[in-house]
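Biologist: Could you walk me through this one? I would like to begin with the ligand and then look at some details of the backbone.

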Amino acid sequence: MILILLGAPGCGKGTISKLFQERLNFCHISTGEIIRKTIALNNEFGEMLRQIITKGELVSDEIVLKLLCEKLNECGSDIILDGFPRTLFQAKKLDEIAKIDKVIYIDTPYDVIKERLAGRRICQNCGKVYNVNLHSMNSCDCGGKLIQREDDLPHVIEERFKIYEEETFPLIEFYSNQDKLIKVKSSSSSNDTFNEILSFLEIKWWLLQKKKWIAWEFQAR
Ligand code: AP5
Ligand code: MG
């Protein structure tokens, strides 16, 4: 099953994707994470990417598609795409290389987004995501230092949101026309949002097919 998580910056794409990865063994592909790991290599290419994302702009379709295809080759058949596609061009290209089953649009008001992004901290070591509004921790479980993402500054958040509305929002209609869109409201608990998504996906049927249901029930207790 190949799923896409669609929604504004800070709507919870990364958080929900991690739940799919941990609980259902999906391969999680976040183009944002791939870009941040490339930046951490501290080479010329990474510096070029850093200049783009710290302005809140999009990396070119050509570069992102190349990074995506490299990662797709490492994944099995169950994949969750987080932050890709982000333009109509990327969505059309993706249709040429993969069969998308469902697209989950996480609808989140702008004031909630601003609060979440202002409070987000990530581990400098392993990348795990926290929020100062939810967790009172100074360091990660792994001992790594918690830092703010360079693109989580207020003026960059505004630019990212503007670009989201211009470039990415039209994908909702694109996938709705393909009859693949599932719309959920971002709730105050990521677990509730995750469970709502599962109910739309008829996941029990899918797990039964994969003979994973018994393990899932056991884990959910
Ligand atoms: P990317 O990393 O994908 O950023 P984004 O889309 O802006 O989304 P975020 O990662 O900021 O938010 P999220 O939805 O994952 O929310 P999260 O779960 O962390 O991309 C970064 C940049 O890379 C882009 O700006 C662009 O430059 C470039 N890029 C990436 N992909 C590209 C592409 N395809 N094409 C071109 N350029 C590309 O949650 C946010 C916070 O809220 C966290 O602190 C979390 O703990 C908290 N939270 C989550 N859910 C809840 C909840 N239910 N209740 C309360 N708090 C919650
Ligand atoms: Mg993310």
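Modeller: A word on classes before the ligand: Ala, Val, Leu, Ile, Met, Phe, Trp, Tyr, Cys and Pro count as nonpolar, Asp, Glu, Lys and Arg as charged, and the others, Gly among them, as polar. By that scheme the shell around ligand 1 holds 13 nonpolar, 13 polar and 9 charged residues. This is a predicted model, in which local features need pLDDT of at least 70 and side-chain atom pairs count only at pLDDT 80 or more, while totals for chains, interfaces and linings use all residues. Residues are numbered from 1 along each chain as its sequence is written, chains are lettered from A and ligands numbered from 1 in the order in which they are written, and side-chain values use heavy atoms, with hydrogens and water left out.

Biologist: Which residues come nearest to ligand 1?

Modeller: They are T15, E57, R86, R120 and R160, out of 35 residues around the ligand, where a residue is near if one of its heavy atoms lies within 4 Å.

Biologist: And which elements each supply at least two residues of that shell?

Modeller: Those are α1 (13–24), α2 (31–39), α6 (110–119) and β6 (129–131), and α2 gives the largest share, with 4 residues. Helices (H or I, at least four residues) and strands (E, at least two) are DSSP runs, numbered from the N terminus.

Biologist: What lies 2.7 Å from a nitrogen atom of ligand 1?

Modeller: That is a polar side-chain atom of T31. An N or O atom in the side chain of R36 is 2.8 Å from an oxygen atom of the ligand, and a polar backbone atom of G12 is 3.1 Å from an oxygen atom of ligand 1. The protein covers 95% of the 1,000 Å² of accessible area that the ligand has on its own, with areas from the Shrake-Rupley method with a 1.4 Å probe and, for residues, only the protein chains shown counting as cover.

Biologist: Back to R120: buried or exposed?

Modeller: R120 is buried, because its relative accessible area is 13%; buried means under 20%, exposed over 50%, and partly exposed in between (1.4 Å probe, protein chains only). R120 sits in strand β5, and its side chain makes a polar contact with the side chain of D152 at 2.9 Å. A polar contact is a pair of N or O atoms within 3.5 Å; within protein, one must be able to donate a hydrogen and the other to accept it, and residues adjacent in sequence count only if both atoms are side-chain atoms.

Biologist: What about R121?

Modeller: R121 also lies in β5 (residues 120–123), but R121 is partly exposed, at 22% relative accessible area. The side chain of R121 reaches the backbone oxygen of A118 at 3.1 Å.

Biologist: Changing topic, which peptide bond is cis?

Modeller: The bond from F84 to P85 is cis, with omega near 0 degrees, and P85 is in the loop between β3 and α5 (88–97). Most residues other than glycine have a negative phi, and most peptide bonds are trans. N25, however, has a positive phi of about 65 degrees, and phi of N42 is near 60 degrees.

Biologist: Where is N42?

Modeller: N42 is in the loop between α2 and α3 (44–53), and N42 counts as exposed because its relative accessibility is 70%.
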